[in-house]
Amino acid sequence: MAQGLRLVLFGPPGAGKGTQAQLLREHLNVAHISSGDLFRHHLGQGTELGLRAKEYMNKGELIPDEVTIDIILDKVMSIPNYDGFILDGFPRNPNQADVLEKKLSTESRNLDKVIHIDVSEPELLRRLGGRYICRACQSPHFIGSGEDASAKKCDQCGGELYQRDDDAPTAVKKRIEVYNTETTPVLGFYRERGVLVDISGDNPVDEVNKLVMAALGS
Ligand code: AP5
Ligand code: MG
């Protein structure tokens with residue numbers, strides 16, 4: 001039996017990782033593991049992990065590896081060996097990439113592809129300024145400044161939409177800075193392994209999706 005695709009969607013805050021993962025997940029029939037969604041779920045439930053994560057998330061900083069790595073690797077390794085997955089938001093520094101690689105190689109299920117969605121900073125700021133998340137299913141939406149956000153519901157499940165605390169301008173600035181300093185070195189890690197594909201994410205959602213599918217050979 002062929003193994004399912006093991007994919008990392010990589011890119012700066014607002015690049016469209018969550019948006020593309022949602023489109024791919026049904027098409028490829030694989031699990032979507034988003035580290036940010038997982039922490040926000042814990043935050044919504046008021047768990048100890050969620051409260052700890054909030055301290056870092058709201059400032060736009062990375063949550064320490066000793067909190068992050070075990071919880072994400074447990075999720076990844078809980079996926080049956082022959083099923084695929086899309087990782088979104090992990091790994092986010094070279095140590096996370098290294099630990100993930102070692103763990104996956106123990107079961108001969110290394111990553112097939114890492115797709116880097118590159119987007120210009122002015123476009124990231126525009127998207128995050130209008131981004132609304134569903135409280136129930138976490139789907140991202142964009143609502144322009146001329147539209148009445150309070151009248152809108154999630155187009156996936158009808159849930160309530162809200163703006164993330166870390167989409168406030170100071171936190172966004174910090175998140176982009178952290179991405180540029182702590183996260184971009186991971187690109188070199190995957191480039192060396194020959195699994196990295198760079199695509200332009202500045203295009204509309206469906207065009208980016210076509211580029212992602214082409215990168216996957218579909
Ligand atoms: P996380 O939730 O992963 O946030 P992020 O990486 O900053 O990325 P975003 O979710 O903001 O953007 P996205 O790329 O998913 O874009 P989206 O599809 O929503 O992490 C949050 C925090 O958790 C971190 O800061 C950190 O504190 C912590 N954390 C998470 N993982 C961690 C880790 N591994 N280690 C340590 N800490 C960790 O799209 C954005 C908007 O644009 C939406 O409104 C969407 O509708 C719109 N849009 C999408 N694509 C397009 C397009 N092509 N054209 C026009 N609009 C588009
Ligand atoms: Mg996201």
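Contact, as the word is used here, means heavy atoms within 4.5 Å. The model is predicted, so local features need pLDDT of at least 70 and side-chain atom pairs count only at pLDDT 80 or more, whereas totals for chains, interfaces and linings use all residues. Residues are numbered from 1 along each chain as its sequence is written, chains are lettered from A and ligands numbered from 1 in the order in which they are written, and side-chain values use heavy atoms, with hydrogens and water left out.

**Helix H6 and its cover**

Helices (H or I, at least four residues) and strands (E, at least two) are DSSP runs, numbered from the N terminus. Helix H6 spans residues 121-129, and its buried residues (under 20% relative accessible area, with a 1.4 Å probe and protein chains only) are Glu 123, Leu 124, Arg 127 and Leu 128. Seen down the axis of H6, these residues fall within an arc of 125 degrees, so they line one face of the helix; the arc is that of the directions from the helix axis to the C-beta atoms.

Val 119 sits in the loop between strand E4 (113-118) and H6, and counts as buried at 7% relative accessibility. Leaving aside residues up to four places away in sequence, Val 119 touches Pro 12, Ala 15, Leu 124, Arg 127, Gly 201 and Asp 202.

E5 and E6 are joined by 3 bridges, and the bridge partner of Arg 131 in E6 is Phe 142.

Arg 175, in helix H7, is buried, with a relative accessible area of 10%. Its contacts, not counting residues up to four places away in sequence, include Leu 128, Arg 131 and Asp 167. The side chain of Arg 175 also makes a polar contact with that of Asp 167 at 2.8 Å.

**Surroundings of ligand 1**

Ligand 1 is surrounded by 36 residues, of which the closest are Thr 19, Glu 61, Arg 92, Arg 131 and Arg 175; a residue is counted if one of its heavy atoms lies within 4 Å.

| Residue atom | Ligand 1 atom | Distance |
|---|---|---|
| Gly 14, polar backbone atom | oxygen | 2.9 Å |
| Gln 96, polar side-chain atom | nitrogen | 3.0 Å |
| His 141, polar backbone atom | oxygen | 2.9 Å |

Taken alone, ligand 1 exposes 1,100 Å², and the protein buries 94% of that. The elements that give two or more residues to the shell are helix H1 (17-28), helix H2 (35-45), H6, E6 and helix H9 (205-215), and H2 gives the most, with 4 residues.

**Helix H9**

In H9 the buried residues are Val 208, Asn 209, Val 212, Met 213 and Ala 215. They cover an arc of only 155 degrees around the axis, which puts them on the same side of H9, and they pack against H1, E4 and strand E8 (196-200). Lys 210 and Ala 214 are exposed on the face turned away from that buried side.

How values were computed. Buried means under 20% relative accessible area, exposed over 50%, partly exposed in between (1.4 Å probe, protein chains only). Two strands pair if DSSP finds at least two bridges between them. A polar contact is a pair of N or O atoms within 3.5 Å; within protein, one must be able to donate a hydrogen and the other to accept it, and residues adjacent in sequence count only if both atoms are side-chain atoms. Accessible areas come from the Shrake-Rupley method with a 1.4 Å probe; for residues, only the protein chains shown count as cover.
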